[in-house]
Amino acid sequence: IMLVVFSKLQAALHLAADGGLSLADAAAEIESIEKRRVIEQVGEGTKLKVSQDDSFWPVATKKEIKSGFEGELERVSYRFIDPWMVECFNGGTGAFASGHLGRDWYEGSNNPVAMKGDRIEDELREGGGITCLSLYEHCGGSEATKDFVSTLEPPTPLGTTPYSRRVNLYLYRNSLFYLLQSPCRYVAMVQVEFLDLKNLTPAGASASNNLVVYGVSRLRRQGSTAPLTNKSRTFDSCLTEATKIKRGGKDNEARSQVGWGSVASYRFPLPPGTKCDGAAFDENREKIFRGPPTLLSLAVYEKRTLLGDHQLGVGELDLSTLTEAQSEDDWVPLIHEKNGGTAGTTSGYFVRLRVTLRFEIMHICQNEDGK
């Protein structure tokens, strides 16, 4: 997630200067933008009284202040909402939970409330009456439409990598749902399994045995430099539970129960207002939020009781070859950061990851009532 934080005061002044609005109209416009979930508040705000003798205002606004404007603005901060906003959750549950994804509200496809958004049924009811609607439902109705769209592909593949081509394929199918006025939308689901952890240095061959470890991971775009630690995390990072690394015993059952075994799951929307090649129609939005996440970053920590938790290293996995049919199953080397070793050198630890991708249908709604 990229955070571009600004105050309501700054936004009001910008709209007033560039848009020719009064401060009162600019404040109303900001509230309208917030309702459309283009921006959201960060932290709590306090009321700021605006009057003619308020020394807080910069020189550029004195003319308007002298004209007699009086009112209140909240001294709050906002951030732009990423249309590709990643939501994470531990384990495999919660994939179809209702909630905001990016700038829209999504409901599970089996939620009866979400089915109210099927505009095709509304138009059939208005144009042909109950008889036409009954025929539509008898033939499979929205399910048949959904199954048909799910088989369509663009005339030419869009994208430069297998991963981008799969994302763009489902953007294309979402655009067809939009043209059909169907509430169905594909959402990307990524699951990361932490399978095992080993220290492959000669001196640390048994160092990974019986360690209690946990991982912090996030999906990000190329070039993102947001911190990823157990104490400094972004909204889209996932912290797994502390787990003891197991090694095989004498019998077959014990030998099969080895490794790590934690799971981190993510989902992100394929947002409206996006072309089938992954670029936004809005050039300004594209400058800030350029397409879906393409990398998996992780940091692994040893859980310690008396001393502070120790970072074993950080790693990164490129998702460019990830598809539904081709999962990523790799040993990722962990390298040192600033602490615990020379920055950029290998720590000797390797973590085995399995990353899978799938696309599931949910229903997009205009508000939290499912409408």
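**Before going on**

This is a predicted model, in which local features need pLDDT of at least 70 and side-chain atom pairs count only at pLDDT 80 or more, while totals for chains, interfaces and linings use all residues. Residues are numbered from 1 along each chain as its sequence is written, and side-chain values use heavy atoms, with hydrogens and water left out.

**The whole chain**

Show the protein chain as a cartoon. The chain has eight helices and 15 strands. Helices (H or I, at least four residues) and strands (E, at least two) are DSSP runs, numbered from the N terminus. Of the 371 residues, 43% are buried. Buried means under 20% relative accessible area, exposed means over 50%, and partly exposed lies in between (1.4 Å probe, protein chains only). Contact means heavy atoms within 4.5 Å. Among contacts between residues at least 6 apart in sequence, 67% join residues at least 24 apart.

**Back to α6**

Colour the buried residues of α6; among them are Tyr163, Val167, Tyr170, Leu171, Asn174 and Phe177. Just after α6, select Gln181, which takes a positive phi of about 60°.

**The strands around β15**

Next select strand β15, residues 346-365. Two strands pair if DSSP finds at least two bridges between them.

- β6 (residues 104-108) pairs with β15 in the antiparallel sense over four bridges; Glu107 has His363 as its bridge partner in β15.
- β7 (residues 184-199) runs antiparallel to β15 and is joined to β15 by 15 bridges; Val190 has Leu357 as its bridge partner in β15.
- β14 (residues 328-335) is also antiparallel to β15, with seven bridges; Ile335 stands opposite Thr346 in β15.

Stay on β7 and select Glu193, which is in this strand. Is Glu193 buried or exposed? Glu193 counts as buried because its relative accessible area is 17%. Leaving aside neighbours within four places in sequence, Glu193 is in contact with Ser262, Val263, Arg352, Leu353 and Arg354.

**The cores**

A nonpolar core is a set of buried Ala, Val, Leu, Ile, Met, Phe, Trp, Tyr and Cys residues joined through side-chain atoms within 4.5 Å. In soluble globular proteins, nonpolar side chains tend to be buried together. The largest core here has 44 residues, of which Leu197, Phe268, Leu270 and Val351 touch the most other members. The largest share, eight residues, comes from α6.

Now select Leu270. Beyond its neighbours within four places in sequence, Leu270 is in contact with Trp84, Val167, Tyr170, Leu171, Asn174, Tyr186, Ala188 and Phe359. Then move to a second, separate core of 13 residues, which includes Phe6, Leu13, Leu23 and Ile33.

**The cysteines**

How many disulfides does a search of the whole structure find? The search finds zero; a disulfide is a pair of cysteine sulfur atoms within 2.5 Å. Select Cys88 and Cys238: the sulfur of Cys238 is the nearest cysteine sulfur to Cys88, at 4.7 Å, and Cys88 is in no disulfide. Last, select Cys276, which counts as partly exposed because its relative accessibility is 22%.
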